Amino acid sequence: MKKSINLSSILVLFLLFSCGETETKTISSANVEMLEEYPMEGSNTVRGVWKVDLAGVDITKIKNAKVTSIRVEMTEPSESSVIAEIIMQLAASGASMQRVGVLNPVPENSKTFEMSIAEKQENLVDLLKQDEITFVADVNLKEEPSSGLSIKSKIEFELEVKQ
């Protein structure tokens, strides 16, 4: 009986140490400027590039990553009244494009707004391994704005990092 207890204890300890501990860290992109000079009513795409900054986190130790918030700030026009909906995706050479957020409908007359985060997120670690990530926003406009379409987007990531 005593031997079986010792074997069970050793097995539990082995499992605990073999799994390894992780910690959660949060990083944010810079405010990425996204521009379409000649937008029209209907579907438009705006893009901006973020030079990946992992704030000192070793990419080889990231076990999992997910987007936890997407904040969009209107630059031109200054309010969201012309936008019906917006879908945010992340892309990079060497990684698959990933849909990370959507907002439909966009709140009327807002200077800034938070997008709903996609429940299914895959391959974000592969994206974060790249030097640059392109933020791609598919924007459906209710009407043609009198000037260009410009937004700033800031995305927050939660990283599960091996210690």
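Biologist: Which residues are in contact with Phe 157, leaving aside its neighbours within four places in sequence?

Modeller: Contact means heavy atoms within 4.5 Å. With those neighbours left aside, Phe 157 is in contact with Lys 25, Thr 26, Ile 27, Trp 50, Lys 66, Val 67, Thr 68, Leu 90 and Leu 128. This is a predicted model, in which local features need pLDDT of at least 70 and side-chain atom pairs count only at pLDDT 80 or more, while totals for chains, interfaces and linings use all residues. Residues are numbered from 1 along each chain as its sequence is written, and side-chain values use heavy atoms, with hydrogens and water left out.

Biologist: Why is the aromatic pair of Trp 50 and Phe 157 called stacked?

Modeller: Rings of Phe, Tyr and Trp (its six-membered ring) pair if their centres lie within 6.5 Å; planes under 30 degrees apart count as stacked, over 60 as edge-to-face and the rest as tilted. The count by this rule is 2 aromatic pairs. For Trp 50 and Phe 157 the values are 5.7 Å centre to centre and 15 degrees between the planes, so the pair is stacked. The pair links distant parts of the chain, with Trp 50 in strand E3 and Phe 157 in strand E10, 107 residues apart. Trp 50, Phe 135 and Phe 157 form one aromatic cluster.

Biologist: How do you know that Val 139 counts as buried?

Modeller: Buried means under 20% relative accessible area, exposed over 50%, and partly exposed in between (1.4 Å probe, protein chains only). Val 139 has 2% relative accessibility and therefore counts as buried. This residue lies in strand E9, and its C-alpha atom is separated by 4.5 Å from that of Ile 86, 53 residues apart along the chain.

Biologist: What makes Ser 29 buried?

Modeller: Its relative accessible area is 3%, which means that Ser 29 is buried by the cut-off already given. Ser 29 is found in the loop between strand E1 (22–28) and E2. Not counting residues up to four places away in sequence, Ser 29 touches Trp 50, Phe 135, Ser 153, Lys 154 and Ile 155.

Biologist: What makes a set of residues a nonpolar core, and which members of the largest one touch the most other members?

Modeller: A nonpolar core is a set of buried Ala, Val, Leu, Ile, Met, Phe, Trp, Tyr and Cys residues joined through side-chain atoms within 4.5 Å. The largest has 39 residues, of which Ile 86, Met 88, Leu 90, Phe 135, Phe 157 and Leu 159 touch the most other members. Among the elements that each supply at least two residues of this core are strand E5 (83–92), helix H2 (124–128) and strand E10 (149–162).

Note on methods:
Helices (H or I, at least four residues) and strands (E, at least two) are DSSP runs, numbered from the N terminus.
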